[in-house]
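Try each task before reading its solution.

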Amino acid sequence: MTDLFSKFDPLIELRTNLLAQGQEDPFNLVMERVVSPTEAICNGRQTILLGTYNYMGMTFDPDVIEAGKQALDDFGAGTTGSRVLNGTYAGHKAVEEALKEFYGMDHAMVFSTGYQANLGIISTVAGKGDYIVLDIDSHASIWDGCKLGDAEVVPFKHNDIEAMDKRLGRIPEGAGKLVILEGVYSMLGDIAPLKEMIAVAKKHGAMVLVDEAHSMGFIGPNGRGVAEDQGVLDDVDFVIGTFSKSVGTVGGFCVSNHPKFEILRLVCRPYVFTASLPPSVVATACTSIRKLMHAGNKRAHLWENSKILHQGLTEAGFQLGTSEPQSAIIAVIMPDLEKGAAMWEALLKEGLYVNLARPPATPANMTLLRCSLCAEHTAEQVQTIIGMFQRAGKAVGII
Amino acid sequence: MDRAATAEKIAGIIEPFNKKGVEITDASTFAGDLEFDSLTVMDFVAAIEDEFDIIISMNQQAEIENYGQLIDAVVKLQG
């Protein structure tokens, strides 16, 4: 039968063939019970979690949980409305205040997800006739924001400063320009040379948006991200972030010093035409963000974990996405999807959950096992993880 | 640069990307006949952009399906 679903046939076939070999479905895992930020019962097994974005382990922080419970009692389960109508409660203003303090910026706007933050800000700021110059490895939410806004979209090779410079130089005079970069690229866990790239963008008179989803709370002296770490946060026009990683709940945001920023609340469709976050969510986010301002020790421990895992996996003979650890993400490169899926399953049976990432999410058609560390992983757990990788890698024939 | 001169330059640029040595006509499609994947498209477009000092935005790329359309687009973009 041919209908609108026929275009999915190749993917359906790929999945059917993979699962026919008895492979556990990597995209249908269920966590029956979550024990802590680093452990859960997955598909019936006690499992160490190494594939969440819970970098700072805030999901079970007692103060965070307490704030959420209190907000449920005081404000109810949901707002049933848009931010611009009946959906702005005291908690939404409080979390925006917390963000302004966290980043030291004048304005903060909270969206219902990080995806919507990119979708909304990009499509509203860069419209028809404007030019967006962006890294080819940008996240799906960035690409979708470009598409929604009708701007001319000009990609350049990943982290290639010269390619970016050339493309900016060819944009017709007078056209509006937005450069979009990420602090940490989540597939390989590599960072961008933001200092050099932002200088080039400014030389061409472009505005700069940096997605710091995977660096918040962890990278930079105050956990503000890669731009802070490289000393160029003041030159960033828009920082996009999320509550669903280090903050430990769900939601997205943009912070900015632009004097006219507040007008976006009225013209940004993914902000206006959706319900605002539930009171419990903004309360947990607010408490978590304020705690992340003083999380220096946790940051230091997370860096230790990242370095030890990177070194351990390198010594075991795995090929990694970066030659040195640059973030809390360590990507292990698999020879192909079949081997990657087999390795993923072998690790799961060892009691370890990692992310299996495959094209089109990955660059260069790679299959990756992405490990993301948590500040709550103990040094002992990291050693256990390295041992699991060694056994699974030998069993599958990758090392 | 006229169409003939532009076509000649592009023929030189596409050669290393045409790994299977497909015979190229104006009707040859990039996705079908030449089997360009997204990475090849990016590198190939970058090579064309650098040679002619132009921008072929993703929006414009979406309109270019075959070799002839590419030559026409590059002629037009050079103004």
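Residues are numbered from 1 along each chain as its sequence is written, and chains are lettered from A in the order in which they are written. This is a predicted model: local features need pLDDT of at least 70, side-chain atom pairs count only at pLDDT 80 or more, and totals for chains, interfaces and linings use all residues.

**Exercise 1.** Find how many helices and strands chain A has.

Solution. Count DSSP runs: helices are H or I, at least four residues; strands are E, at least two. Chain A has 14 helices and 16 strands.

**Exercise 2.** Decide how far helix α11 of chain A is enclosed.

Solution. Start with the range: α11(A) covers residues 279-292. Next, apply the test for buried (20 or more other C-beta atoms within 10 Å of the residue's own, with C-beta atoms placed from the backbone). Twelve of the 14 residues pass, so α11(A) is largely enclosed by the rest of the structure. Among them are A:P279, A:C286 and A:L292. Finally, look for the cover: it includes α2 (62-75) and α3 (90-103) of chain A.

**Exercise 3.** Describe how the two domains of chain A meet.

Solution. Take the bounds from the automatic or database assignment: domain 1 is 21-56 + 296-396, and domain 2 is 62-292. Their C-alpha centres lie 27 Å apart. Now count contacts (C-beta atoms, placed from the backbone, within 7 Å). In chain A, 19 residues of domain 1 touch 20 residues of domain 2. On the domain 1 side, α12 (296-316) and β13 (329-334) of chain A each give two or more residues. β13(A) gives the most, with three.

Key: Expected span 1.5 Å × (residues − 1).
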